[in-house]
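Here is a short briefing on one protein chain. Keep the sequence and the 3D view open while you read.

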Amino acid sequence: MTNSDPQKPIEKTKSWASFEPRQVLFVSAEPWARNVLSLISQCSEKSIEVTHAIDGAQGLYYMSQSIYSGSPYQLLVLTSPLSQLNPASCIESLRAIERGLNRPPYPCLLCTPDATPPSLLARYPQTLHLRVPNSAQAASMVAAGILQVVYTLQAYQKSDDSAQKANPQINLS
């Protein structure tokens, strides 16, 4: 990142270790989706902001807008079924956007009642699968899965930041 004005501090990108709310995009047309949003807000003490999209096309639109604004979502959560784009197509489209922008893949949590083919998970890095029942009980499982992934990513970011501070790179230029 370059800084053309030496008097102006360089802006840092948001990190998972910051105290700012974590942004999650939840793409679901399930009738129990509102329960997930409620559970997340009750359990996360306002440290997680969840945006809800009702189908894959709307989810990709929100994801594109967040990238464009410079404040991308830190986690994408997809449930099945979705209208317009199924979860696999949504992940495929997202990964194509990421490759086009030369950015690392977003963590993605795929929540479906069916087993996910291992080839899908192998083909798309940073994608996890949570098998949930096709019932209202899925809401609590999906909410717990979101919280677990978010807090795991946060712990990873903190440990990575600590490792970088403990092992600074020597510049021999």
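Predicted model: local features only at pLDDT ≥ 70, side-chain atom pairs only at ≥ 80, totals over all residues.

**Whole chain**

- The protein chain has five helices and five strands.
- Along the sequence they follow the pattern β-α-β-α-β-α-β-α-β-α.
- The protein chain has 173 residues, and buried residues make up 36% of them.
- Take the contacts between residues at least 6 apart in sequence: 66% of them join residues at least 24 apart.

- Arg-34 has a relative accessible area of 67%, and exposed means over 50%.
- The C-alpha atom of Arg-34 is separated by 8.4 Å from that of Ala-139. Along the chain, Arg-34 and Ala-139 are 105 residues apart.
- After helix 1 comes Glu-45, with a positive phi near 50°.

- Is Leu-37 buried, exposed or partly exposed? Its relative accessibility is 23%, so Leu-37 counts as partly exposed. The buried class stops under 20%, and the exposed class begins over 50%.
- Leaving out residues up to four places away in sequence, Leu-37 touches Phe-26, Val-50 and His-52.
- Leu-37 and Glu-49 are 12 residues apart along the chain, and their C-alpha atoms are separated by 9.3 Å.

**Helix 2 against helix 3**

- Two packed helices are described by the angle between their axes and the distance between the axes.
- Helix 2 spans residues 56–69 and helix 3 spans residues 87–101. They pack at an angle of about 20°, with their axes 10 Å apart.
- Angles under 35 degrees count as roughly parallel, and helix 2 and helix 3 are therefore roughly parallel to each other.
- Their crossing is right-handed.
- Which residues of helix 2 meet helix 3? Helix 2 brings Gly-56, Leu-60, Met-63, Ser-64 and Ile-67. Helix 3 brings Cys-90, Ser-93, Leu-94, Ile-97 and Leu-101.
- The residues of this contact divide into seven nonpolar, three polar and no charged.

- Gly-59 has its place in helix 2.
- Gly-59 counts as buried, because its relative accessibility is 3%.
- Beyond residues up to four places away in sequence, Gly-59 touches Leu-25, Val-27 and Ala-53.
- Leu-25 is 34 residues from Gly-59 along the chain, and the C-alpha atoms of the two are separated by 7.3 Å.

- Leu-78 is in strand 3, which covers residues 75–79.
- Why does Leu-78 count as buried? Its relative accessibility is 0%, and buried means under 20%.
- Again leaving out residues up to four places away in sequence, the residues that Leu-78 touches include Val-27, Pro-87, Cys-90 and Ile-91.
- Leu-78 also touches Cys-108, Leu-109, Leu-110 and Cys-111.
- From Leu-78 to Asp-55 the C-alpha to C-alpha distance is 9.0 Å, and the two are 23 residues apart in sequence.

Note on methods
Residues numbered from 1 in each chain as written. Heavy atoms only, no water. Helix = DSSP H or I, 4+ residues; strand = E, 2+ residues; numbered from the N terminus. Axes fitted to C-alpha atoms, helices over the stretch in contact; angles between N-to-C directions. Parallel < 35°, antiparallel > 145°, perpendicular 65-115°, else oblique. Left-handed = near helix turned anticlockwise from the far one by under 90°. Contact = heavy atoms within 4.5 Å. Nonpolar A, V, L, I, M, F, W, Y, C, P; charged D, E, K, R; others polar. Buried < 20%, exposed > 50% of the residue type's maximum accessible area, 1.4 Å probe, protein only.
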